[in-house]
Amino acid sequence: MSAPAPQPAEPAVPSPVDPVAPLDRTGGYLGAPGAAAVAAAGRATPARWRLLLRRTTFWVGAGILVFWIVCAIFGYLIAPYSPLTQNLLLANTAPSAAHWFGTDPLGRDVLSRVITGSRYILIITPLATILGTILGTALGLAMGYLGGAFDAVAGRLVEAVLALPFVIIAFMFVVALGPSIPVITVVIGLVFTPLIARTVRTAVLVERHMDYVPAARLLGENSSRVMFAEILPNVLPAILVEFTVRLGYAVFAVATLSFLGFGIQPPTPDWGADIAANYIGLPAGYWWQTLFPALAIASLVTGVILIADSIEQVLAS
């Protein structure tokens, strides 16, 4: 009688007390394939950032953004003239070697006002976007994770706010509280909150059905810890893209408020206010007084959008 055929050895299973066996996100232990997957995932993030640094569009956008940041910080040192000094003898002077961007109706150097005008817009826009991102992320996490009645009520409130034009909301706050930097910052941040909350909620709805969420609840973690310690790290890419996109919209928002007279008040250099004050000179041929502040807004927004687009494409790859 022949001996029984040898059976293949079963793969070794890591012991629950094996300190070398890596933990997965559900609290269990991984075998060799899982360990390789964890290592690959750990290398994926640096690889993505290296891929981002290879994108030409990212560097172009970053260069534009850095240029305006330098102007915002050192504008009064870089500007060839004082942006507030008036000289009516030089009013409406066309671009020349003495005044590269010409002068405005009060004889102020347009180049100097464009350079120094970046200061407040680059103070307000990041702060407003950060505020909107923090509030929107917290609201979106709660809506997506808790669901039920809270999601329904909060969703209706978000839709109500989004149904109102931005200008109307800003007008109500600014008229009531006055056009100051803190007020403008808070207004823009509050307007961005429901927009970001909606994006975060969508990402959370996908994540809450993953295995690690019920596993975290089984381990006794409360809702706050599950949302902020477990789900939040996994929706950060979506939040990062949303932040950069909203930063570009914030530039337009600040310029719009200034154009309508609700933003930075004259004679402080401001791109939107300068366009509002000088666009009536276009029919008379004074194009430079409006063109160069408008190009400044367009270039800053373009730089931010190029960065946002590069980040989105890299994270989606």
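On a 1 Å grid over the protein atoms alone, a cavity is a set of points where a 1.4 Å probe fits but cannot get out, and its lining residues have an atom within 4 Å of a point. Grid points are joined across faces, edges and corners, and a volume is the space filled by probe spheres set on the points. This is a predicted model, in which local features need pLDDT of at least 70 and side-chain atom pairs count only at pLDDT 80 or more, while totals for chains, interfaces and linings use all residues. Residues are numbered from 1 along each chain as its sequence is written, and side-chain values use heavy atoms, with hydrogens and water left out.

**Cavity**

- A search of the whole structure finds one cavity of 30 Å³ or more, and the largest cavity has a volume of about 40 Å³.
- The lining of the largest cavity consists of Asp104, Arg108, Val110, Arg113, Val114, Asp274, Asn278, Gln289 and Pro293.
- At least two lining residues come from each of α3 (110–116), α10 (271–278) and α11 (288–316), where helices are DSSP runs (H or I, at least four residues) numbered from the N terminus, and α3 gives the largest share, three residues.

- Val213, found in helix α8 (residues 212–218), is buried, with a relative accessible area of 0% (buried means under 20%, with a 1.4 Å probe and protein chains only).
- Not counting residues up to four places away in sequence, Val213 touches Tyr145, Glu207, Arg208, Val226 and Ile231, contact meaning heavy atoms within 4.5 Å.
- The C-alpha atoms of Val213 and Ile231 are separated by 7.6 Å, the two residues being 18 residues apart along the chain.

Technical notes. 1 Å grid on protein atoms, 1.4 Å probe; cavity = no way out; pocket = protein on both sides within 12 Å on 5 of 7 lines; lining within 4 Å. Buried < 20%, exposed > 50% of the residue type's maximum accessible area, 1.4 Å probe, protein only.
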